[in-house]
Amino acid sequence: MTQLALVIDLNVCVGCHACVTNCKQWNTSGSAGPLVDERPYGKDPTGTFFNRVQTFEVGEFPHTETVHFPKSCLHCEDPPCVPVCPTGASYKRKEDGIVLVDYDKCIGCKYCTWACPYGAREIDEKQQVMKKCTLCVDRIYDETLPEAERKPACVLACPTSARLFGDVHDPESEVSAAIREQGGYPLMPEWGTQPSNHYLPRRKTKMKIHKDELVRTDNPLKKEGHLPKVDENENFLEDTASW
Amino acid sequence: MHPAFSVIFLTTLIGAGQGLFLALMTVQAYADIGALPLPAGSYFGANSMIALALLVAGLVASFFHLGRPERAWRSAAMWRTSWLSREVIVLPIFMGLVFVYGLLHYLGYNPNLFGENAPPQGELTYLVGLLGVIAAFALFICTGMIYGCLKFLQEWSTPLTPINYTLFGIASGFTLATVLTAGMAPELVKFYGGWAIAFTVLAFFTRGASLIRNQRIKHRSTLASAIGVRHAQIQQKAQGAMGGSFNTREYFHGKTAAFLKSIKWVFLVLVFPLPILLLVLGLQNDSGALLGLAFVTQYVGLLAERWFFFAQAKHPQNLYYQTI
């Protein structure tokens, strides 16, 4: 079973919003119709986005750390939004685990947004249907694109490669290795939704150098004492041999 | 959560309609064993149509909640998994039963399906009414479970949610029945009034229990589990959008904590003590006006109760929007 997902490295994300912008650009130009923008040039612009980057400050000054936190649909393995949908518009694809909304079936009752603990779904105020991240399902299988570009728009846009994309069920994949080796974790694991998207934690790269490591412990000088000083009165081999 | 008035009207109106129908069937059941005089068929006919009118009004209100009301028929599809879908199916079934029940009574067509000498429980109206009772309770459960099944909305995720929906519906339905009966069958007013008071008191205990439960609720999700950073001190600096988003509108009631608290006291007064007082006074003085006031008070109180029910629920996604 394939489960496509994103792995987002919070250690690398710089909060530039390139993923947000590219996601919006790709998905607003897609066949499913535009993602609405309301008052885009007004003082309180709003609209539908699949992906947003939030910023948190962790700790107390001066010991603070800034965490940029990209947030989109996590494509849960057990998505709570799917069973509550009365029309079947919300569904999880068997073949790749992507959670999608059929915009032609959605009645805009918003019940799925109540059922998603992450707030990953947003209603399109113009089309009045529920929208959410599709993992760029209209990109990743498009064979007219070069293979390297068959990835979600956000992944391609990320300048720091903080976003990885792949099959989290395949233990050999890049994303599985990242989760396994770099402490990847799901959000709100307490609800049993088993999000497929994982986050990699902030990590400090530090080298611990102990004092004794500065001195060569296997130094023969130290181990066996100083080399015996030469007795100047004694005969050397050279003396004996210098006939 | 943001209280949607369409849903507030839907749940309160159909609740009263279901309660009114249950009140009618209660009297018929009592009358069939000879405990109460059986009112005329027109009494059941007229009151069934009033119950139906409430159900229709609730249904109309619910359409205002939909972004795409023209596709509403699709919502019956997923009854295997969705309580909302189940409600969409049970509501029209119940409406149909109420209509047939009222029509049969109005026309006086009431053959006993089990033969001439069978007990009155075999009468057609009784059997249709019994199916209606089952549908009414099924509808209460569906309505309540729409909210009760959302496990991470911890304020709602309790058996008290469907119980409260049921008892509030029955209480307001019996209060309404008391009012309507005052004009049409005065001998039944005390019966209805008594039950209306009893159900209101019962609802007070169950709603009180859920209020106490919700006051001491411990939310399982924290900002730390929401973003996966294990630290006690996390401050949000940016929410990802300047002018707000769906997430900042749909999940917040947008009122102050003081307003929320005052609504709680408003509904606690309007739903329970005031209608009981007005019912007692109305029954003692045979005053239809006071009984009518009791229903109006309780209904307005239930609107406030439902508003509070939504506003009090804290959705875990709000953790991602700390500075609302």
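Before the first click, one cut-off: a contact here means heavy atoms within 4.5 Å. Keep in mind, too, that this is a predicted model.

**Stop 1: chain B**

Select chain B and colour by secondary structure. The C-alpha trace spans about 75 × 45 × 30 Å along its principal axes. A compact globule with 324 residues would have a radius of gyration near 20 Å, and chain B, at 22 Å, agrees with that. Buried residues account for 57% of the 324 in this chain.

**Stop 2: chain A**

Switch to chain A, where the inventory is 8 helices and 11 strands. Here the globule rule gives a radius of gyration near 18 Å for 243 residues, but chain A has 29 Å. Line up its principal axes and the C-alpha trace covers about 110 × 45 × 35 Å. Some 49% of the residues of chain A count as buried. For contacts between residues at least 6 apart in sequence, the share joining residues at least 24 apart is 58% in chain A.

**Stop 3: A:Gly59**

Stay in chain A and zoom in on strand E4 (residues 51-60), where A:Gly59 sits. Is A:Gly59 buried or exposed? Its relative accessibility is 10%, so A:Gly59 counts as buried. Show what surrounds it: leaving out residues up to four places away in sequence, A:Gly59 touches A:Thr64, B:His231 and B:Gln233. For a distance label, pick the C-alpha atoms of A:Gly59 and A:Ala177; the two residues are 118 apart along the chain, and those atoms are separated by 30 Å.

**Stop 4: the cores**

Next, select B:Tyr147, B:Trp156, B:Tyr192 and B:Tyr320, the residues with the most contacts inside the largest nonpolar core, which has 152 residues. Helix H1 (residues 5-32) of chain B gives the largest share of this core, 13 residues. A second, separate core has 8 residues, including A:Ala5, A:Leu164, A:Val168 and A:Ile179.

**Stop 5: the largest pocket**

The largest pocket holds about 720 Å³ of space. To find its centre, select B:Glu155, B:His219, B:Ala311, B:Gln312 and B:Lys314, the closest to it of the 34 lining residues. Helices H6 (189-215), H9 (257-271) and H11 (288-312) of chain B each give two or more residues to the lining, with H9(B) supplying the largest share, 4 residues. Coloured by class, the lining comes out as 16 nonpolar, 12 polar and 6 charged residues.

**Stop 6: the second largest pocket**

Which helix gives the largest share of its lining? That is H3(B), with 5 residues. Chain A takes part too, with its helix H3 (111-115) supplying at least two lining residues. By class, this lining has 17 nonpolar, 4 polar and 1 charged residues.

Conventions: Residues numbered from 1 in each chain as written. Chains lettered and ligands numbered in written order. Predicted model: local features only at pLDDT ≥ 70, side-chain atom pairs only at ≥ 80, totals over all residues. Heavy atoms only, no water. Core = buried A, V, L, I, M, F, W, Y, C linked by side-chain atoms within 4.5 Å. Buried < 20%, exposed > 50% of the residue type's maximum accessible area, 1.4 Å probe, protein only. 1 Å grid on protein atoms, 1.4 Å probe; cavity = no way out; pocket = protein on both sides within 12 Å on 5 of 7 lines; lining within 4 Å. Points joined across faces, edges and corners; volume = space filled by probe spheres on them. Nonpolar A, V, L, I, M, F, W, Y, C, P; charged D, E, K, R; others polar. Rg over C-alpha atoms; globule rule 2.2 N^0.38 Å.
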